[in-house]
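Let's take a walk through this structure together, beginning with the whole chain and then stopping at a few residues along the way. Keep the 3D view open as you read.

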Amino acid sequence: MEMTPSTLRNICKETKLYKTPSLNDKLYLHFKGFQSIAHLEPYTGLKALFLEGNAFESLEGLPPLSELKCLYAQQNILDSLTGLEVLPALDTLNVSNNRLCNLENISSATSLQTLVCTYNKLKTGESIAELRHCSNLQTLDLQHNELDDPDVLDLFKELPDLRCLYLSGNPMVSKIKNYRKTVVASLSKLTYLDDRPIFEVERRCAEAWVKGGLEAERAERVKCKQEDMERERRNFVAMQAIRREGFRKRRAALGLPPGDTDPYFDTMDDSEWQPEEEPEELIAARNKLNSASLTQQENEQAGTRPVSSSPSTAEQPLQSVSAASGNIQQEGAPVSTKAGRQPTSSRPGADAERRTASETAAANVNSDADSEQSKQEAEAITTNFLKLFATAGHEVTSFVANEEEDESNFHDNRQQTFSTTPYDELD
């Protein structure tokens, strides 16, 4: 595909640029399949030119573009940088993924600050020697080339303003012993190397390592840590001074005695906080309520505990009926029985069974009476307890037991009804 004026106009239309070439400050010519650069003379106002993804072998054909700042020519088949001499204001150049064996003619871009030249075929120091003339260069990316000469570092030292350097993927990295420390100590203004930034502590330790080895590096690291702690201490002291000054101003504004402490803490002492004492009536009512509840529990447990010598609860009615029928037989005429079976009144142990049934029935009656009495006492104590709270002007939650619940499981399974009642209605 050829770069013709009509083609350029169509591209401007597709990318919503101006029809007048000189009004455009950017031009998108990437991935069009162009093989040469031509007919760009009318575009005098360009500041960014995108030429990536084409088939350019060189940059020849570029017209003098005095305002061009950024040129993106990656992913082509460039084997030389001829044509850069007409771009005096060039600031950023990307020529990655090409076939460059050297950076010849790069010295003509005297204003160059960023050069990205990854995935090319740069091998020796001579192939990048012209970089020493780019005195404004700050960012240099030469990753994944074929540089294998450790002396390349001497060239980088001649770049006075170099800040970011990327060299990973080159054989020279593995040939330089203690690569990162060596590079950091060699380039005094470097702030970023390969995959991470360079902080002041790392720089100082690297420089100490170059001068005195590992022991000097460790001593410098300890010194840096002490300096950090001292700086934090000074910051803390300064903050305390600011706070004390603020307290003095606050006390003066409130008319309090002079001082540098928080006036909020003047009314406080160092003694341990003590909760307010409860009234004796409240303590007595709570203890009485607890004792009544405990008595009720014991009575309920005693009423449901089986007696070792007495039959089960399910058998008691039958035994009572049997005992009653025995009494009737003793008072009336003798009753004939089947062969081999004695009357109930004459069977051994009949009197003991009747006594046991009577005692069990009496115990159940007493247990029911005790449970009812404990229930009444608990309700009376609860009422007094609520009245005591009412005198203090609070609201309480009254717990009322469901009277239809089985009395044998009254304490464990009772249902509670929650209601909030004003104290003035409790009387």
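Of the 427 residues in the protein chain, 31% are buried. Please bear in mind that this is a predicted model. The secondary structure of the chain comes to 9 helices and 11 strands. Its accessible surface is about 26800 Å², and carbon and sulfur atoms account for 51% of that. Among the contacts with a separation of 6 or more, 38% are between residues 24 or more positions apart.

Our first stop is Asn120. You will find Asn120 in the loop between strand S5 (114-116) and strand S6 (139-141). Is Asn120 buried or exposed? Its relative accessibility is 5%, and because the limit for buried is under 20%, Asn120 counts as buried. If you set aside the neighbours within four places in sequence, the residues in contact with Asn120 are Val95, Ser96, Asn97, Asn98, Arg99, Leu100, His144 and Asn145.

His144 lies in the loop between S6 and helix H2 (152-157), and it is partly exposed, with a relative accessible area of 35%. Now check its backbone: His144 has a positive phi of about 55 degrees although it is not a glycine. Most residues other than glycine have a negative phi. Asn105 is another non-glycine residue with a positive phi, here about 80 degrees. To find Asn105, go to the loop between strand S4 (92-94) and S5.

Next, let's turn to the aromatic rings. A pair of aromatic rings is described by the distance of the centres and the angle of the planes. How many aromatic pairs does a search of the whole structure find? The search finds 4. In one of them, Tyr28 and Phe50 are stacked, with 5.1 Å from centre to centre and 25 degrees between the planes. This pair links distant parts of the chain, since Tyr28 belongs to strand S1 (residues 26-28) and Phe50 to strand S2 (residues 48-50), 22 residues apart. Tyr28 is partly exposed, at a relative accessible area of 23%. Ring pairs also join Tyr28 and Phe50 with Tyr72 in a cluster.

Tyr264 and Phe265 give you an edge-to-face pair, with centres 5.3 Å apart and 80 degrees between the planes. Tyr264 is found in the loop between helix H5 (200-254) and helix H6 (280-304). How much of each residue is accessible? Tyr264 is exposed, with a relative accessible area of 55%, while Phe265 counts as partly exposed at 47%. Together with Met268, Tyr264 and Phe265 make a nonpolar surface patch of about 360 Å².

Our last stop is Asp195, in the loop between strand S8 (192-193) and strand S9 (196-197). Asp195 has a relative accessibility of 56%, so it counts as exposed.

Technical notes
Residues are numbered from 1 along each chain as its sequence is written. This is a predicted model: local features need pLDDT of at least 70, side-chain atom pairs count only at pLDDT 80 or more; totals for chains, interfaces and linings use all residues. Side-chain values use heavy atoms; hydrogens and water are left out. Helices (H or I, at least four residues) and strands (E, at least two) are DSSP runs, numbered from the N terminus. Buried means under 20% relative accessible area, exposed over 50%, partly exposed in between (1.4 Å probe, protein chains only). Contact means heavy atoms within 4.5 Å. Patches are made of residues with over 30% relative accessible area and no salt bridge: like charges are joined within 9 Å, nonpolar side chains (Val, Leu, Ile, Met, Phe, Trp, Tyr) within 5 Å. Accessible areas come from the Shrake-Rupley method with a 1.4 Å probe; for residues, only the protein chains shown count as cover. A salt bridge is a side-chain nitrogen of Lys or Arg within 4 Å of a carboxyl oxygen of Asp or Glu. Rings of Phe, Tyr and Trp (its six-membered ring) pair if their centres lie within 6.5 Å; planes under 30 degrees apart count as stacked, over 60 as edge-to-face and the rest as tilted.
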